[in-house]
Amino acid sequence: QVQLVESGGGLVQPGGSLRLSCAASGNIFSTNAMGWYRQAQGKQRELVASVTSGGSTNYGDSVKGRFTISRDNAKNTVYLQMNGLKPEDTAVYYCWGRIMTYLGPPERDYWGQGTQVTVSS
């Protein structure tokens with residue numbers, strides 16, 4: 001059993017900053033990639049950012065230059081620093097991890113419960 005628990009969402013004014021955290025726990029053997037997706041009301045879920053265990057990162061075009069993803073491999077934790085927030089960043093943000101448990105391969109995708117980020121004046 002694997003759990004991903006997010007924290008750090010909330011209400012922020014345009015131009016402000018938030019930091020999201022997500023900790024993975026449970027029967028984890030290895031964590032390949034981790035990252036964040038978001039889903040705004042009435043829209044499809046989209047990639048925000050991801051990072052591999054080796055530190056390679058990937059960002060959605062709409063957040064490049066404003067958001068920074070990082071991870072602590074020892075803690076199986078991923079962070080998302082969000083600066084210069086815009087109203088269009090309003091969405092539910094979901095933590096994602098591609099994880100292998102001690103039961104062995106294959107890796108599978110796990111998701112957090114989501115945390116609301118609202119950017120509004």
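Contact here means heavy atoms within 4.5 Å. By that rule, and leaving aside neighbours within four places in sequence, Phe29 is in contact with Met100, Thr101 and Tyr102.

This is a predicted model: local features need pLDDT of at least 70, side-chain atom pairs count only at pLDDT 80 or more, and totals for chains, interfaces and linings use all residues. Residues are numbered from 1 along each chain as its sequence is written, and side-chain values use heavy atoms, with hydrogens and water left out.

**Overall fold**

The protein chain has zero helices and 11 strands. Helices (H or I, at least four residues) and strands (E, at least two) are DSSP runs, numbered from the N terminus. Along the sequence the pattern reads β-β-β-β-β-β-β-β-β-β-β. The radius of gyration is 14 Å, close to the 14 Å that the globule rule gives for 121 residues, so the protein chain is as compact as a globular protein of that length. That radius is taken over C-alpha atoms, and the globule rule is 2.2 Å times the number of residues to the power 0.38. Along the principal axes, the C-alpha atoms fill a box of roughly 45 × 25 × 20 Å.

Of the contacts with a separation of 6 or more, 56% join residues 24 or more positions apart. Buried residues make up 43% of the 121 residues. Buried means under 20% relative accessible area, exposed over 50%, and partly exposed in between (1.4 Å probe, protein chains only). The chain exposes about 6,400 Å², and carbon and sulfur atoms supply 47% of it. Accessible areas come from the Shrake-Rupley method with a 1.4 Å probe; for residues, only the protein chains shown count as cover.

**Phe29**

Phe29 sits in strand E4 (residues 28-39). Its relative accessibility is 51%, which counts as exposed. Phe29 and Thr101 are 72 residues apart in sequence, yet their C-alpha atoms are 4.7 Å apart in space.

**Charges and salt bridges**

The chain carries 11 positive and 8 negative charges, and their mean positions are 1 Å apart. Lys and Arg count as positive, Asp and Glu as negative; His and the chain ends are not counted. The place of a charge is NZ of Lys, CZ of Arg, CG of Asp or CD of Glu.

Side chains of opposite charge can pair when their charged atoms come close. A salt bridge is a side-chain nitrogen of Lys or Arg within 4 Å of a carboxyl oxygen of Asp or Glu. The count comes to five salt bridges, including those tabulated here.

| Positive residue | Negative residue | N to O distance |
| Lys64 | Asp61 | 3.1 Å |
| Arg66 | Asp89 | 2.8 Å |
| Arg98 | Asp109 | 2.7 Å |

Arg66 lies in the loop between strand E6 (57-59) and strand E7 (67-72), and Asp89 in the loop between strand E8 (77-82) and strand E9 (91-101), so the pair ties together parts that are 23 residues apart in sequence. Arg66 counts as buried at 13% relative accessibility. Asp89 is buried too, at 1%.

Arg98 lies in strand E9 and Asp109 in strand E10 (residues 108-111), so this pair ties together parts that are 11 residues apart in sequence. Arg98 is partly exposed, with a relative accessible area of 33%. Asp109 is partly exposed as well, at 29%. Salt bridges that share partners join Arg38, Glu46, Arg66 and Asp89 into one network.

Asp61, the partner of Lys64, is exposed, with a relative accessible area of 65%.
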